[in-house]
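Keep the model open as you read.

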Amino acid sequence: MKLKNNNSFKNYQIIIFLVAFVCLIIFGWKVFRYRRTYIEVPTQTKTEICDNYAQDNLALNAKAAIIYDLKSGQIMYAKNIKQKLPVASMSKLLTIYLTLKAIKAGKLSWQTKVMPSREAIAVSKNPEYSNVPLQLGHQYTIRQLYQATLIQSANGAAMVLASAVAGSSKKFVGMMRKQLLDWHISQAQIVTPSGLPNFTLGRDADSNKNADAENELSASDMGILIKHLLLEFPQVLETTRIAKLDFLDGRKTFKMVNWNLMLKGLSQYNEAYPVDGLKTGTTDAAGACLASTLVKNGRRIVTVIIGARHLNGSDPARFVETKKLYAYFYNNYSLHIYKRWTQFPGKTLIKVKNRTINEVRACLYQDTGIWISKGQKLDAELSMNKMPMPIKVGTNIGKLIFPNIPALNNENALAFDATTSQELK
C-alpha cells in the first residue's frame, strides 16, 4: 500500500512538471514572438529652418521678408529670414505680448492706473520719435498705454507699460529676453521695450551694450513672435485694425493715426488685400519695416518686411513691398483641403514585423489645409511617436512631415498630425 502511494505521488509530480513545461514553452514563444514584433518606420530627413524659399520668383526691395500661414506655419516665400536685423518698433509686439500675459495672470487690469517716469516723459515728448506726449504727475490706464503703443507706436507709452509689468524698463528687457529663449529664439538682441536705441532708457540702459544698440531679430524670429501673439491673444487684432483713435489726457485730446497705412481708411489701403494689423517699425538702422496680416480663404496670413527703403516719413516703400508680397501669394498659391485619411507618397509606410497586417501607410489625422503653388507635388515623411501595441484606428501616431515645404514650427517643415486607417496589433 505504501509503495502504491509513492508511485502515485511520483506520477503526480511528473504531470505537474509536464504541465509547467508546456506552459513555459507557450509563454516563452509568446515572449519571443513579442520581442521580435516591432514597428519599422523610414528614417526621417532632418530639416532646418530655411533662409530663402522661392526668393527667385519675386524680387523684393527689402533686406528680409516672409509670408506664412498662421495656423500651420507654412512659409510661401522667404528672403534672408535667418538674418538678424534691427526691427525698430516691430519689437513692441513683444512688449504687447508680455503686457497681455500679465493681464491674463491678474498682475494688471485694463483699468490699472500708472504714472510715467521722467525718462518715459522725456522720450514721449521727443519730436524725433513716434509718440503720444505724456505729462508728469498724470495717471494713465493700461488700456490707454496699450492702445497708444499699438496705434501710434508711442515709445513713451511702451516704456510705461514695461515699468507697469516688471517694475522698470531694465527688468522688463530681461523678461523680453527670457520669453524669446522660451520660444527657442536665442540669437536675438533686445535692449529696449520700444525698439529705440539703448541710450533712450537713460539709467536703465544696458551698460554692456553700445549706446546706439537696437533690438535685432530675424524675420523668422518676428514670425514666431507674431504667431504666439495672435494664437494666444487674438484680441490684439481688435486694436491693430483701428486706423484712428483719440487719446484723452485730462482736458487735452491727442489724435492718434495708425502708422500702418494699409488699414482701411488710410492712404495705402487696397481692398484686394484687406490688412487688419499688425505693426510698423522705423529707425535709421532698421529702415522701414512692417508686419501685416489679413484673412484669405478663411486662413490668417502674416507678412514681415524688414529693411525697406526709408527716404522720409511719407516714403511708402514698405507698403509697396508688402503689396508685392501679397500679390505674389495671391497669384501663385491656392488652398487645398485634404480630408482625414488622405495618404501621401513618400516615406510614410509603417512596417509591422510578424503580424498579419504588416504594411500600413500613415494618413492625415484630420481635415487639413495646404497652400499649393502651381505644379507643386507633395511628398511626406512619417515621424512616429513611441507607443505600445496594439494601435487602434484613428489614434494620433505622430506627424506627417513635408520636408520640401518650410514652416515656422518645431519641425521647420510643414507638418500635420498623422493616424492609421488600419489597426496595428
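Aspartate 246 is partly exposed, because its relative accessibility is 39% (buried means under 20% relative accessible area, exposed over 50%, partly exposed in between, with a 1.4 Å probe and protein chains only). This is a predicted model, in which local features need pLDDT of at least 70, side-chain atom pairs count only at pLDDT 80 or more, and totals for chains, interfaces and linings use all residues. Residues are numbered from 1 along each chain as its sequence is written, and side-chain values use heavy atoms, with hydrogens and water left out.

Aspartate 246 forms a salt bridge with lysine 255 (a side-chain nitrogen of Lys or Arg within 4 Å of a carboxyl oxygen of Asp or Glu). The closest N and O atoms of this pair are 3.5 Å apart. Lysine 255 is exposed, at 61%.

Arginine 309 pairs with aspartate 315 in another salt bridge, with closest N and O atoms 2.9 Å apart. Here arginine 309 is partly exposed at 46%, while aspartate 315 is buried at 7%.

Lysine 339 and aspartate 367 form a salt bridge too, at 3.7 Å. Both lie in loops, lysine 339 between strands 13 and 14 and aspartate 367 between strands 17 and 18, so the pair ties together parts 28 residues apart in sequence. Helices (H or I, at least four residues) and strands (E, at least two) are DSSP runs, numbered from the N terminus. The whole structure holds 11 salt bridges.

Now look at glutamine 268. This residue sits in the loop between strand 9 and strand 10. Glutamine 268 counts as buried because its relative accessibility is 17%. Its side chain makes a polar contact of 2.9 Å with that of lysine 323 (a pair of N or O atoms within 3.5 Å; within protein, one must be able to donate a hydrogen and the other to accept it, and residues adjacent in sequence count only if both atoms are side-chain atoms).

The largest nonpolar core has 102 residues (a set of buried Ala, Val, Leu, Ile, Met, Phe, Trp, Tyr and Cys residues joined through side-chain atoms within 4.5 Å). Helix 2 gives the most to this core, with eight residues. A second, separate core has 21 residues, including Ile350 and Val352.

Finish at helix 7, residues 219-232. Of its 14 residues, 10 are buried, among them Met222 and Ile226. Met222 and Ile226 are also among the residues with the most contacts inside the largest core.

Conventions:
Expected span 1.5 Å × (residues − 1).
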